[in-house]
Amino acid sequence: MQVSSLNEVKIYSLSCGKSLPEWLSDRKKRALQKKDVDVRRRIELIQDFEMPTVCTTIKVSKDGQYILATGTYKPRVRCYDTYQLSLKFERCLDSEVVTFETLSDDYSKIVFLHNDRYIEFHSQSGFYYKTRIPKFGRDFSYHCPSCDLYFVGASSEVYRLNLEQGRYLNPLQTDAAENNVCDINLVHGLFATGTVEGRVECWDPRTRGRVGLLDCALSSVTADSEINSLPTISALKFNGALTMAVGTSTGQGKMFTSLEPEHDINDVCLYPDSGMLLMANETPKMGIYYIPVLGPAPRWCSFLDNLTEELEENPESTVYDDYKFVTKKDLENLGLTHLIGSPFLRAYMHGFFMDIRLYHKVKLMVNPFAYEEYRKDKIRQKIEETRAQRVQLKKLPKVNKELALKLIEEEEEKQKSTWKKKAKSLPNILTDDRFKVMFENPDFQVDEESEEFRLLNPLVSKISEKRKKKLRLLEQQELHEKEEEEEPEGKPSDAESSESSDDEKAWVDEVRKQRRLLLQEEKAKRRERLREDQQAVLQPRFYEIKAGEEFRSFRDAATKQKLLNKTLEDRLKLEAKSGALSVSDTTVGSKQLTFTLKRSEQQKKQQEAEKLHRQERRTLRRSAGHLKSRHRRGRPFH
């Protein structure tokens with residue numbers, strides 16, 4: 001049994017080794033097994049698992065009991081029983097088979113698509129019926145609910161043959177020139193076909209209309225890919241209701257692992273719910289490969305799991321252990337591009353295999369200081385191992401170091417406390433991913449000089465001084481890489497606890513002290529701004545009046561422009577002086593703003609005119625009333 005490994009995925013070839021002729025007697029076979037080591041080590045899972053010349057297609061029945069394969073020459077189909085591990089029957093055909101499908105769970109109903117456009121039906125007893133399609137076929141699928149066979153091939157039409165009525169139905173017209181493969185989803189019945197243009201068309205068998213179009217050729221080609229032709233769809237398979245795998249002729253896709261047999265591959269079949277691959281090659285013997293990563297071994301050969309486990313416990317040299325895989329870029333760096341095409345390089349996938357001894361020799365010539373770099377890396381590893389045995393320092397983040405140190409101290413105190421067993425374990429902010437940005441992004445840095453922080457946390461300054469001393473000590477220890485940690489001198493824990501639990505009077509005194517400091521800082525800033533305004537030299541400026549605005553005076557425009565150039569804080573202070581804004585403190589330390597809307601000059605003039613108008617009307621009403629009273633008394637008017 002041959003073992004190969006690529007991308008750390010082991011592949012066990014169960015069909016490698018010498019084949020014994022059928023005409024040899026059992027006695028001679030046993031004699032050969034004693035003499036030849038390769039014959040003795042070979043594994044023959046299924047007896048006579050081969051074709052006379054070439055194997056073209058291979059499939060497994062739905063119940064997993066039978067393996068069917070077609071080949072030449074003469075064209076034939078062979079059925080192997082996995083329960084008996086031997087050949088069950090063999091039937092000869094009139095022409096070569098392109099592909100076939102089992103309509104039943106076993107081998108009792110089989111449909112063959114031949115290369116001469118014939119469709120042949122077989123029952124359990126043998127040949128049953130034969131018909132022909134208009135164009136050469138390449139693939140077909142069976143739709144169980146409607147008993148329809150969908151054939152795709154060298155035509156833009158998808159031919160439908162109904163097995164219940166025994167006649168052809170109207171074909172499906174696609175937008176492609178030709179169709180290569182097709183498949184039907186077993187969950188919801190969606191029919192998909194792959195075209196030569198690199199597209200996948202999806203059809204609904206119930207309405208016989210196209211419901212989707214997927215351009216796989218355009219999405220598979222990237223800037224790094226090297227292709228010589230347009231990718232066509234060469235493989236198509238559904239997996240569940242929502243997943244579909246598409247293969248292209250140019251081989252785009254992420255590689256999981258790969259295997260390269262000695263002969264060309266015609267067909268590959270994965271045994272259901274296992275890691276066994278069955279392969280039809282351009283050789284009489286059919287390939288059997290076992291990949292444990294894909295799944296377990298089938299029930300009829302469950303001993304393979306134990307065999308592979310024993311091989312992993314006693315590892316042997318794999319196929320590629322003596323070779324090094326290199327890409328074209330690696331060859332350019334080593335200066336070995338002239339060896340491409342020579343026996344020293346074997347083309348494989350997107351690179352080449354070369355002898356590992358040649359690789360090390362050339363690398364040493366190209367980079368003679370590789371050993372020195374290796375030696376330095378080993379020394380660095382040894383130093384790091386010795387450093388790990390020293391006293392570990394506290395690793396603090398770059399942002400909010402004091403907050404992180406506070407959280408670390410609280411966590412240590414919580415662990416030292418006696419009630420830690422009874423209390424519930426709460427998540428630590430330093431290790432929680434939801435709060436990691438707070439210790440990485442500088443925008444979340446706590447501003448301890450702000451007015452709000454100093455008023456709401458009056459006692460933090462005393463505690464932070466002690467913490468800053470400890471923080472500086474930790475930074476010095478990290479800088480000099482000391483082996484021993486020295487505890488910072490300070491007051492005992494009892495004194496700290498007494499300070500932290502100070503009475504209300506001390507808290508009020510600290511708040512008043514902070515407020516006085518803030519007022520002094522504000523006065524100093526105001527004097528500084530006034531000094532800068534006095535030192536500034538005024539220059540004449542020209543302003544352009546916008547359309548629709550009325551110019552009143554230069555003073556108003558200058559005042560308005562000056563207000564716009566000032567900050568919000570300065571504008572609020574000016575409004576507070578003019579009486580339009582009043583700022584007051586609340587009992588909890590927050591701010592309360594009250595705004596009074598100012599009236600413009602036009603509004604004031606209009607208000608004065610309205611007031612004069614009201615006074616004139618009031619005077620007129622009074623004079624009119626006086627005249628009416630004199631008229632009633634009979635007094636003459638003067």
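Two strands count as paired here if DSSP finds at least two bridges between them. Strands (E, at least two residues) and helices (H or I, at least four residues) are DSSP runs, numbered from the N terminus. What you're looking at is a predicted model: local features need pLDDT of at least 70, side-chain atom pairs count only at pLDDT 80 or more, and totals for chains, interfaces and linings use all residues. Residues are numbered from 1 along each chain as its sequence is written, and side-chain values use heavy atoms, with hydrogens and water left out.

**Hairpins**

- Strand β5 (residues 76-81) and strand β6 (residues 86-92) run antiparallel and are joined by six bridges.
- Within that pairing, Tyr-80 has Leu-87 of β6 as its bridge partner.
- Four residues sit between the strands of the β5 and β6 hairpin, and Leu-85 takes a positive phi near 55 degrees there.
- Further along, strand β19 (residues 233-239) pairs with strand β20 (residues 243-248) in the antiparallel sense, over six bridges.
- Leu-236 finds its bridge partner in β20, namely Val-246.
- The hairpin of β19 and β20 has three residues between its strands, and Gly-240 in the turn shows a positive phi of about 85 degrees.

**The four-stranded sheet**

- As background, strands of a sheet pair through backbone hydrogen bonds, either parallel or antiparallel.
- Four strands make an open sheet in the order β11-β12-β13-β14, and the pairing is antiparallel.
- β11 (137-143) and β14 (167-173) are at the edges with a single partner strand each, so one side of each has no neighbour in the sheet.
- On average, neighbouring strands of this sheet are turned by 25 degrees against each other, direction ignored; the axes behind such values are lines fitted to C-alpha atoms (for helices over the stretch in contact), with angles running from 0 to 180 degrees between N-to-C directions.
- Strand β13 (residues 157-162) runs antiparallel to β14, and five bridges join them.
- Look for Arg-160 here: Leu-169 in β14 stands opposite it.

**The three-stranded sheet**

- Another open sheet has three strands in the order β24-β26-β25, again with antiparallel pairing.
- Its edge strands are β24 (323-327) and β25 (346-348), each of which pairs on one side only.
- Neighbouring strands in this sheet are turned by 35 degrees against each other on average, direction ignored.
- β25 is joined to strand β26 (residues 351-355) by three bridges, and the two run antiparallel.
- Ala-347 stands opposite Phe-352 in β26.

**Charges**

- Salt bridges (a side-chain nitrogen of Lys or Arg within 4 Å of a carboxyl oxygen of Asp or Glu) come to a count of 12.
- One to look up is Arg-210 with Asp-175, whose side chains meet in a salt bridge (2.5 Å, N to O).
- Arg-210 lies in strand β18 (residues 209-215) and Asp-175 in the loop between β14 and β15 (179-184), so this pair ties together parts that are 35 residues apart in sequence.
- Lys-611, Arg-614, Arg-617, Arg-618, Arg-621 and Arg-622 form a positive surface patch.
- Patches take residues with over 30% relative accessible area and no salt bridge, joining like charges within 9 Å and nonpolar side chains (Val, Leu, Ile, Met, Phe, Trp, Tyr) within 5 Å.
- Accessible areas come from the Shrake-Rupley method with a 1.4 Å probe, and for residues only the protein chains shown count as cover.
- Lys and Arg count as positive and Asp and Glu as negative, while His and the chain ends are not counted; a charge is placed at NZ of Lys, CZ of Arg, CG of Asp or CD of Glu.

- The peptide bond from Thr-72 to Tyr-73 is cis, with omega near -10 degrees, and Tyr-73 is in the loop between β4 (66-72) and β5.
- The bond from Tyr-73 to Lys-74 is cis too, with omega near 10 degrees; Lys-74 has its place in the loop between β4 and β5.
- Arg-117 isn't a glycine, yet its phi is positive, near 75 degrees; the residue lies in the loop between β8 (110-114) and β9 (118-122).
- Arg-208 has a positive phi near 55 degrees, and is found in the loop between β17 (199-204) and β18.
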